[in-house]
Amino acid sequence: MTFYFEKIDGKRVLKSDWIKNAQAFFTTRDLCICDKENDKNIEILNNRKIISKYLKIDKNKFIYPEQTHSANINIAIETNKSYPDCDALILTEKNIGIFLNFADCTPIILYDEIQNIGAIVHAGWRGTVQKIAPLAIQKLHKDFGSKPENIVAVIGPTIGFCCYNVGQEVYNKLSKTVTNFDGLFEIRNGDFFVDLKEINKRQLEEVGVKNFDICPYCTVHNNDLFFSYRNENGTGKRHSAILKLKT
């Protein structure tokens with residue numbers, strides 16, 4: 001396993017040793033920087049300051065979008081602080097940081113060390129059905145010349161195959177997103193269970209990504225570490241995926 005915990009100001013974050021030069025990690029419950037019920041409370045604002053200091057950027061250069069379970073992708077730029085209706089951000093500027101927020105959906109950090117560019121993708125079942133992660137790869141390639149085989153995809157804490165049961169309609173939609181859906185679902189006592197992490201991995205493989213690190217944690221089983229919308233009755237709190245490029 002190549003994931004490990006590190007502490008920022010005494011608070012745990014989860015990192016992958018597949019990304020060594022950029023700052024890329026997932027927050028835990030210790031360091032929550034998003035609460036949809038009260039996003040301006042003192043704890044949230046203080047935690048954002050802690051991470052901004054760690055990233056060596058001004059807190060006003062720590063950018064995040066308004067996520068809506070879309071397949072919309074934007075490019076983060078220092079002069080723009082507003083990204084409505086957006087579920088993936090591409091990062092090319094070195095003096096800003098980006099983050100997206102999660103509580104069961106699949107967080108994917110993409111990083112091309114050769115080009116020193118990357119992206120964060122929010123892929124719940126709706127985003128996965130729309131193939132948001134492959135779309136981000138295609139945009140990185142088309143707009144910035146990033147080769148899929150040079151991109152590392154780090155897939156973070158998500159509701160696991162063990163716990164993610166869906167209705168037949170969702171199952172049917174997800175099953176059409178990859179050429180081979182074998183091994184990505186099970187029927188248990190008449191209920192459909194799907195593997196969001198592996199579905200996204202297989203989608204990325206189909207557009208040429210070869211390098212993966214997949215987090216073993218399930219947000220339901222590891223609810224002491226990460227937030228779970230399903231397990232916490234629709235909590236507004238989120239853990240986050242964070243990226244800042246090497247300087």
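Which residue takes a positive phi just after H1? In this predicted model, that residue is Lys56, with a phi of about 65 degrees.

**Helix H1**
- H1 spans residues 42-55, a total of 14 residues.
- From first C-alpha to last, H1 reaches 20 Å, close to the 20 Å expected at 1.5 Å a residue.
- Asn41 caps the N-terminal end of H1, with a side-chain oxygen 3.1 Å from the backbone nitrogen of Glu43.
- The buried residues in H1 are Ile44, Asn47, Arg48, Ile50, Ile51, Ser52 and Leu55.

**Burial of strand S10**
- S10 covers residues 117-123, and seven of the seven are buried, so the strand is largely enclosed by the rest of the structure. Buried here means under 20% relative accessible area.
- In a regular strand, side chains alternate between the two faces of the sheet.
- In S10, Ile117, Ala119, Val121 and Ala123 point one way, while Gly118, Ile120 and His122 point the other way. Residues of both sets are buried.

**Pairing of strand S10**
- Strand S7 (residues 88-91) pairs with S10 in the antiparallel sense over four bridges. Within S10, Ile120 is the bridge partner of Leu89.
- Strand S9 (residues 106-112) also runs antiparallel to S10, and seven bridges join the two. Pro107 stands opposite His122 of S10.
- S9 and S10 form a hairpin with four residues between the strands. In this hairpin, Asn116 takes a positive phi near 55 degrees.

Technical notes
Residues numbered from 1 in each chain as written. Predicted model: local features only at pLDDT ≥ 70, side-chain atom pairs only at ≥ 80, totals over all residues. Heavy atoms only, no water. Buried < 20%, exposed > 50% of the residue type's maximum accessible area, 1.4 Å probe, protein only. Pairing = 2+ DSSP bridges. Expected span 1.5 Å × (residues − 1). Polar contact = N/O pair within 3.5 Å; in protein donor to acceptor, adjacent residues only side chain to side chain.
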